[in-house]
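Let's take a friendly walk through a protein chain. Have a look at the sequence and the 3D structure first, and then read on.

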Amino acid sequence: MCRLFSNWQESRPGSGQHFGSTRKAPALPDVPVDGDPEELLGASQAAALLGYKSVGSFSSSLAQGNLPLLQTPDALTEKGGRRRWTRKRILEQAARRNPGK
């Protein structure tokens with residue numbers, strides 16, 4: 001029994017990938033760094049500016065407390081209450097995450 005599991009584990013398509021799955025995370029938008037510093041940006045834009053590969057990884061990092069400057073949003077949308085942050089705060093957080101860049 002243990003040998004069968006070992007063979008299956010060695011031949012599986014990858015960590016967490018479902019066989020035959022074609023579902024991929026939506027691409028993040030291209031967000032200019034030099035835009036209006038007071039412009040409110042959403043999670044997908046923040047994820048792109050911070051260098052995350054997906055909104056999910058950004059949201060997970062935010063929930064874990066890894067982005068202290070973004071814990072409190074600057075605004076919430078009227079429809080659905082989605083969080084928004086200023087470009088300035090997002091870029092400040094990016095500078096703290098990657099001090100050498």
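## Surface, strands and core

The accessible surface of the protein chain comes to about 7,700 Å², and carbon and sulfur atoms hold 51% of that area; such areas come from the Shrake-Rupley method with a 1.4 Å probe, and for residues only the protein chains shown count as cover. This is a predicted model, in which local features need pLDDT of at least 70 and side-chain atom pairs count only at pLDDT 80 or more, while totals for chains, interfaces and linings use all residues. Residues are numbered from 1 along each chain as its sequence is written, and side-chain values use heavy atoms, with hydrogens and water left out.

Starting at the N terminus, the elements follow the order α-β-α-α-β-β-α. Helices (H or I, at least four residues) and strands (E, at least two) are DSSP runs, numbered from the N terminus.

Strands pair if DSSP finds at least two bridges between them.

| Pair | Bridges | Opposite residues |
|---|---|---|
| β1 (residues 40-41) and β3 (residues 83-86) | two bridges | L40 and T86 |
| β2 (residues 75-76) and β3 | two bridges | L76 and R83 |

β2 and β3 form a hairpin with six residues between them, and G80 in its turn has a positive phi of about 90°.

What about the inside? Of the 101 residues, 22% count as buried, meaning under 20% relative accessible area (1.4 Å probe, protein chains only). The largest nonpolar core has 14 residues, and L50, F58, L67, L70, W85 and I90 have the most contacts inside it. A nonpolar core is a set of buried Ala, Val, Leu, Ile, Met, Phe, Trp, Tyr and Cys residues joined through side-chain atoms within 4.5 Å. Helix α2 (43-50), α3 (55-63) and α4 (87-97) each give two or more residues to this core, with the largest share, four residues, coming from α2.

Technical notes
Buried < 20%, exposed > 50% of the residue type's maximum accessible area, 1.4 Å probe, protein only.
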